[in-house]
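Here are a few notes to read alongside the model.

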Amino acid sequence: MSSFLESTEKQIDAAAAAAAIPADVLTRLKTPDRVWEFEIPVRMDDGTERKFPAWRVQHNNALGPYKGGIRFHPDSTLDEVKALASLMTWKTSLAGLPYGGAKGAVACDPRSLSERELETVARGYSRAIAPHVGPKRDIPAPDVGTNSRIIDWMADEYGKITGRYEPAAFTGKSIDKGGSQGREIATGFGGYVVLREYLKAAIPDLVWNFQTKSGISGIKNTVAVQGFGNVGAHIARILFEKGFKITAISDSRGALYEPEGIDITKVMEAKARTGIIDRATCYALASHPAPCQTFTNEALLELPADILIPAALEDQMTEKNAGRIRARVVLEMANGPTTRGADDMLAQRGIAVIPDILANSGGVVGSYFEWLQSLEQKYWSEKEALAKIDAHLTEAFAAVREEKEKRGVTWRTACYIRALTRVAQALRAT
Ligand code: NAD
């Protein structure tokens with residue numbers, strides 16, 4: 001069993017014990033409802049045929065249709081998809097959504113595929129899962145390595161199979177294909193809302209005007225962000241615009257560190273043009289007085305930033321490096337970035353960890369609002385969509401805070417207790 005899946009199961013055990021969930025219900029909470037494993041054959045541009053391993057795991061639907069993204073990554077495995085599907089069940093439950101949890105993946109490197117090859121993989125995946133998904137059954141979305149263009153291909157292929165285009169069958173679509181304004185930034189925006197609520201709760205003397213970017217006390221508000229994809233780039237930009245000082249960013253190819261703060265909007269412009277974040281683009285475009293330092297992803301995690309935001313992949317903070325993390329708060333925007341052992345070490349060291357199932361739930365809340373708009377054929381403005389996400393997550397955070405204070409547990413355990421209890425109650429009622 002992978003360490004990610006093992007960590008997820010141990011966390012469920014711990015929360016189930018605290019919430020007194022009976023053993024038979026616990027077994028159901030830990031076992032996925034269904035697992036599909038298949039291969040996607042693709043005729044490559046050079047004439048050879050390759051088969052890409054792929055999966056869809058439907059974990060639990062006690063609260064409503066399965067919901068979860070699709071990852072394209074060369075290192076994806078069935079264990080990883082099982083762990084991510086389980087996290088989706090807890091995330092949708094915690095957010096109070098009428099959904100269960102699912103996840104999918106294709107073991108491929110999207111950056112090494114041509115446009116035609118990528119489209120063939122996307123359409124092949126959609127054909128394979130088509131009998132098992134649908135607007136009231138299982139609603140996929142983007143994740144690592146996938147985006148609105150890939151989801152559009154999948155939704156189009158699904159429509160060809162069912163005989164009509166059904167926008168509510170997928171979320172994370174482009175606006176042209178019935179997507180929601182604000183969905184692309186929803187995960188990053190949700191992370192900002194959760195962080196804002198955490199800072200207000202954790203630092204009672206905090207005087208912070210999030211509109212005028214002025215007056216913060218008790219915390220120096222420096223931020224290090226690992227991963228500069230959909231999630232990492234958007235939360236970095238939003239926090240930068242709110243006045244936080246982003247001192248470090250990274251992607252799979254390297255990291256940048258600038259103690260005086262990095263101009264994230266400029267770096268985003270550069271990355272859109274060149275596809276990478278490197279020292280030259282940061283220096284040239286961000287007009288920094290000195291070139292940023294370059295260093296490794298591992299070193300980024302250990303920088304003396306107040307807030308550390310892992311926004312790349314799982315298993316980044318382990319027992320090996322948890323003793324060297326110097327942040328005061330870890331906001332888990334990636335799924336599963338902290339192993340169970342590292343989580344215990346961070347708790348002992350007094351470092352608050354805002355867990356993935358709360359911190360990055362803005363994505364699935366945004367997806368829920370996209371799904372509602374698709375079902376009802378309504379279209380909201382970005383302002384309306386983000387205001388709804390803000391209100392939803394503010395309420396979810398307050399409920400978790402109450403649970404945490406009542407039980408004297410970590411943020412993660414408080415989240416899991418609430419999430420598991422809701423699903424367990426629904427299972428008992430069946
Ligand atoms: P993405 O593919 O858009 O971006 C991933 C980023 O991580 C890229 O910048 C990549 O270069 C970087 N990266 C990969 N390996 C790295 C490494 N070893 N070190 C540093 N950076 C590395 O993916 P995304 O959609 O931004 O997802 C990031 C995380 O957020 C994942 O854990 C995903 O499951 C989670 N998440 C995504 C969403 C969403 O709406 N997209 C919602 C909730 C959670």
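1. Helices here are DSSP runs (H or I, at least four residues), numbered from the N terminus. Axes are lines fitted to C-alpha atoms over the stretch in contact, with angles from 0 to 180 degrees between N-to-C directions. This is a predicted model, where local features need pLDDT of at least 70, side-chain atom pairs count only at pLDDT 80 or more, and totals for chains, interfaces and linings use all residues. Residues are numbered from 1 along each chain as its sequence is written, and side-chain values use heavy atoms, leaving out hydrogens and water.

2. Start with α6 (residues 183-202) and α14 (residues 382-407): their axes sit 9 Å apart, at an angle of about 40°. That makes the pair oblique, the class for angles that are not under 35 (roughly parallel), over 145 (roughly antiparallel) or 65 to 115 degrees (roughly perpendicular).

3. Which residues of α6 and α14 make the contact? Counting heavy atoms within 4.5 Å as contact, α6 brings residues including F189, V193 and Y198, while among those from α14 are L386, L393 and F397. The contact residues split into 11 nonpolar, 2 polar and 5 charged.

4. Now look at α3 (residues 78-94) and α15 (residues 411-428), whose axes are 8 Å apart at an angle of about 90°. They are therefore roughly perpendicular. W90 and L94 are among the α3 residues that meet α15, where Y416 and L420 are among the partners.

5. Ligand oxygen atoms lie 2.7 Å from a side-chain N or O atom of D143, 2.8 Å from a polar side-chain atom of N335 and 2.9 Å from a backbone N or O atom of V231.

Key. Helices (H or I, at least four residues) and strands (E, at least two) are DSSP runs, numbered from the N terminus. Ala, Val, Leu, Ile, Met, Phe, Trp, Tyr, Cys and Pro count as nonpolar, Asp, Glu, Lys and Arg as charged, and the others, Gly among them, as polar. A polar contact is a pair of N or O atoms within 3.5 Å; within protein, one must be able to donate a hydrogen and the other to accept it, and residues adjacent in sequence count only if both atoms are side-chain atoms.
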